[in-house]
Amino acid sequence: MSLAFQVDELQVRAGHNVLIDALSLSLKAGEALTLLGESGAGKSLLAQAIMGNLPSGLRASGQVRVGQHTSPAGEGAKRRPLWGRQIGLLPQEPWLALDPTMRVRDQVAETHALVTAVRWPEARTRAAHDLDAIGLAHARDHYPHQISGGMAQRVAFAAVHAGAAPLLIVDEPTKGLDAALRDDVVALLQQTLAEGGAVLTITHDVAVARALGGSIAVMQQGQIVEQGDAASVLNAPAHAYTRALLAAEPARWPDRPPTQIGQCLIQGRKLGKRFGHRLLFEQLDIHIHAGERLAIQGGSGSGKTTLGNILLGLIAPDHGEVLRAPGLPRQGLQKLYQDPAAAFAPRLSLGQALRDLIRLHRLDGRELGPLLTRLRLSPSLLERLPGQVSGGELQRIALARLLLLKPAVIFADEPTSRLDPLTQQETLTLLADTAETHGCALVLVTHDPDIATRLTSTQLQMP
Amino acid sequence: MNIQGISPVAGVLGRRGLQALLVAALVGTLSFFLMRMLPGDAAYRIAAGRYGYDLVSAAAAEAVRVELGLDQPWYLALVGWWAQLAEFDLGTSLVTGHAIADDIAHQLGHTLLLAFCAMALSLLIGPALGILAGLRPGGAIDRITLLGATVLRAFPPFVLGILLILGLSVHLGYLPAAGHGEATSVVLPALTLALGLAAGSCRIARDAFSQVVNSPYYAFGRTKGLSDRQVLLRHGLRNAAVPIVAYLGMQMVFIIEGVVILETLFAWPGIGHALIHAIFWRDVPMIQGCVLVFALLFVTLNTLVDLACLALDPRRRH
């Protein structure tokens, strides 16, 4: 088997700060290499260093070889001609990576026409074939806003695949996807391997690494701490960090003991809701009791968030009614959002956001200190802006913000789907712990059945 | 697709059509009251317009008053005006006695020519510079265009017009200073208007373009293997055009305001010029006609902008 790609002694620096150090990797045609690691470990920087499009201010040294082409890592511009032809890059969040003003077929056809230099009419025919082959025949003439995230993922794959590059780099392909869509992506990558392509996958999703097989490299703080074939790394992890990463998979979490359940706080009776012609749910009954932990489960677009918003009183159901326990104030129901960055004003310091809340509701500001300690947040974080702290920290600050209001029910909407597994486990455990300490009911929306069964005692499956 | 494609267009046309009716009714009524509330005796002014200030007498003014029914109570006059409007009859000029519709149809052509030249010129200057600036935010072109746009935007059109007259016609003698006798006469007023317009669209284009260039789909176009030029043409221009075209709708206000001032400054025989003169002479039907045409022009141009946005951005169609 010929060598598809190799990096030697790759180092990436920002000034004197070393972000990736002495990294060497290689990959043969038809093989898979999965790079596992937490957010901020430098995984995405590695993809950029290989492509040669590092953000300005970062310097790379070492050698990068792609196929027969070798160049110094620092001279990224030399690898630009390889883009699409020798190296394919499957983008993160494909829904955003498709041009919103172009039909999907044209976005695939342009790779045929402009990268592999086929004539346009032929390119359009081939693009139609490509889309048929991945089950998107009906969506050829759709625009990106008319297709789902999973379909966008497949369109992006077809657009990259059309260039027939022997090396495919995949950066966080499953970010924000549910289990079914994740399996879809894995199937596409396996197909590439079967065709003789080499696949370098960068992810924090252990399930993807397990499904792809091949070899695994585990990265922590810019260095590879463990490397080997997939079976041995996953079954007999040698490094402590690898063990922690594997233990953070929701399927391996310990079960939480059930809690004391009190009176019924919110009751939804015969709820029904549709969006346009699509029925989300009907005749749905739900009860939320004091101190209860309940999971609302279901795939993308099944109406989980909508049901939550109906229970919170943010939107009205088409049918049925929501009854709240007498004496339960409006602030007694609080929501923890999926994307914490979108739940804070971007140009206000975090401390200001919390102080404003305390002033508005005339709360006792002295409670904030102990609350931050309990959530393992350093008070110095409060001087920063929301964009200057990590996703896990920001989600915990969002949690602190709603706990100040002493809610009776916390409604957490996929609160960790954008976090890496270790941070996810830490955040969710803390969420369940604090809900218990404060005596709140916790309603958790999740697409991950393992998280639902490990963390909560009652599960509601959306139709 | 067809059904989905037609209904938003019909929606725009229906909404804007209704708006045109409302605007006509409101503007017609408002202009009537504004004219009634102006100080001074309208009959005297009209008589002066007809016979010259030297020849106006109380008797001439009284004759005008009786002839035109200016002694009617206001509500009768208003009802009369509404009835005329409903029949698309704009009346006759109190000063010249010509049919207003004929006068305006003639002047509208000049105004549209000026507005069209100004818009075309501004689109050549503004978005092109904006795209260059947006390709390298913070670069030399970006800073120079920011300074230029700020300075141009800070000048009222008449000051800019006078500066251009001084520079291009008085000093250099390249272009006629005013009038409409020569083919090049339109250049100076159009350029004056275009510079102010370009100052706005340049900054909008710059922001739109830097946003597009930093978008994930632009990056994906590049990593797919497209050259910089191919990505710009296939994924850059159309996406950046969406906010620029939407902004044109806002610029209509600037155009209409500019047309009134610049036509007067450059003695360009359009509706703006006619409007100012009609106000001087208290030629109420002429004023009402001009204002009405401006208002409808505004709605029509905004309708075109809406349709262009629909054509450019498929997300608005569904």
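How many residues does the contact take from chain A and from chain B? The contact takes 24 residues from chain A and 19 from chain B, where two residues are in contact if their C-beta atoms, placed from the backbone, lie within 7 Å. On chain A, the helices α2, α3 (104-115) and α5 (149-161) each supply at least two residues of the side that touches chain B. The most comes from α3(A), with four residues. By type, the residues on this side of chain A are 13 nonpolar, six polar and five charged; Ala, Val, Leu, Ile, Met, Phe, Trp, Tyr, Cys and Pro count as nonpolar, Asp, Glu, Lys and Arg as charged, and the others, Gly among them, as polar.

This is a predicted model, in which local features need pLDDT of at least 70 and side-chain atom pairs count only at pLDDT 80 or more, while totals for chains, interfaces and linings use all residues. Residues are numbered from 1 along each chain as its sequence is written, and chains are lettered from A and ligands numbered from 1 in the order in which they are written.

Chain B has 12 helices and zero strands; helices (H or I, at least four residues) and strands (E, at least two) are DSSP runs, numbered from the N terminus. Its C-alpha trace spans about 85 × 55 × 30 Å along the principal axes. Of the 318 residues in chain B, 37% are buried, meaning that 20 or more other C-beta atoms lie within 10 Å of the residue's own, with C-beta atoms placed from the backbone.

One helix of chain B, α9 (residues 216-223), has six of its eight residues buried, so it is largely enclosed by the rest of the structure. These buried residues are B:Y217, B:Y218, B:F220, B:G221, B:R222 and B:T223. They pack against α1 (43-51), β6 (87-90) and α2 (94-97) of chain A, together with α8 (187-213) and α10 (228-265) of chain B. After α9(B) comes B:G225, with a positive phi near 115°.

A nonpolar core is a set of buried Ala, Val, Leu, Ile, Met, Phe, Trp, Tyr and Cys residues joined through C-beta atoms within 7 Å. The largest one holds 147 residues, of which A:A49, A:V155, A:L167 and B:C290 touch the most other members. Its largest share, 16 residues, comes from α8(B). Leaving aside residues up to four places away in sequence, A:V155 touches A:L98, A:V104, A:Q107, A:V108 and A:L136. Another core, of 45 residues, lies apart from the largest one and includes A:I266, A:L307, A:F344 and A:V409.

Technical notes: A residue is buried if 20 or more other C-beta atoms lie within 10 Å of its own, exposed if 12 or fewer, and partly exposed in between; C-beta atoms are placed from the backbone.
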